[in-house]
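Please look over the model shown here before reading my comments on it. The points are meant to be read alongside the coordinates.

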Amino acid sequence: MAEKIEIGYTDRLKEAFDMMGKMGLLLVSVDVNSKPNAMTIGWGTVGIIWGKPIFTVLVRPSRYTHNLIEQTGDFTVNVPTPEMADIVAFCGSASGRDHDKFKEKGLIAVPSKKIKSPIIEQCTINYECKVVHKNDVIREKLDGVILSTAYRSGDFHTIYYGEILGVYSNK
């Protein structure tokens with residue numbers, strides 16, 4: 001097991017954003033029985049809101065992960081290695097309703113220190129986040145270009161604002 005050390009939330013943010021843009025990050029949540037699920041995300045941001053460090057993620061209501069976050073009120077964001085590209089692709093195309101992604105792809109769930117959702121051991125950076133606010137994308141408020149490119153089929157995202165309670169990195 002890779003030893004994890006706690007770091008500041010901005011210490012490796014550039015690396016996290018670079019990986020999000022290249023192949024995506026893994027958003028993890030758990031069901032009521034603590035079974036983890038990972039979903040690939042390519043959209044998100046980090047900033048200071050309400051005087052707190054916040055990781056903002058977007059999840060469509062049709063996604064299995066949406067219901068899990070609604071139940072637990074927390075999530076982790078995990079930065080994969082380039083060697084995990086096939087896992088990231090799988091987690092972005094297969095549903096947790098039909099697949100045990102952790103079991104099928106050999107992902108190791110490590111209990112978080114501050115929330116219910118676990119982190120992924122194989123990922124180099126892990127963010128533990130507690131939902132402090134959420135809102136839905138409103139069709140009428142969207143720019144027309146975004147509406148026509150990102151929402152052709154509807155299914156407007158819920159935006160989750162997760163207070164970053166802990167960030168860990170491989171030593």
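1. Basis of the comments. This is a predicted model, in which local features need pLDDT of at least 70 and side-chain atom pairs count only at pLDDT 80 or more, while totals for chains, interfaces and linings use all residues. Residues are numbered from 1 along each chain as its sequence is written, and side-chain values use heavy atoms, with hydrogens and water left out.

2. Overall form. The chain holds five helices and ten strands, where helices (H or I, at least four residues) and strands (E, at least two) are DSSP runs numbered from the N terminus. Its radius of gyration is 15 Å, which agrees with the value near 16 Å that a compact globule of 171 residues would have; the radius is taken over C-alpha atoms, and the globule rule is 2.2 Å times the number of residues to the power 0.38. Of the contacts with a separation of 6 or more, 73% join residues 24 or more positions apart, contact meaning heavy atoms within 4.5 Å.

3. Helix 2. In helix 2 (residues 64-72) the buried residues are Thr65, His66, Leu68, Ile69 and Thr72, buried meaning under 20% relative accessible area with a 1.4 Å probe, protein chains only. Seen down the helix axis, these residues fall within an arc of 165°, so they line one face of the helix; the arc is that of the directions from the axis to the C-beta atoms. Their cover includes strand 2 (25-30), strand 3 (36-41) and strand 9 (125-136). Just after the helix, glycine 73 takes a positive phi of about 75°.

4. Serine 29. This residue of strand 2 is buried, with a relative accessible area of 0%. Leaving aside residues up to four places away in sequence, serine 29 touches, among others, Thr65, Leu68 and Ile69, which are also among the buried residues of helix 2.

5. The largest pocket. Its volume is about 350 Å³, and of the 22 residues that line the pocket, the closest to its centre are Met39, Thr40, Arg60, Arg63 and Gly92. A pocket here is an open set of points on a 1 Å grid over the protein atoms alone, where a 1.4 Å probe fits, with protein on both sides within 12 Å along at least five of seven lines; lining residues have an atom within 4 Å of a point. Strand 3 gives the largest share of the lining, four residues.

Notes:
Buried < 20%, exposed > 50% of the residue type's maximum accessible area, 1.4 Å probe, protein only. Points joined across faces, edges and corners; volume = space filled by probe spheres on them.
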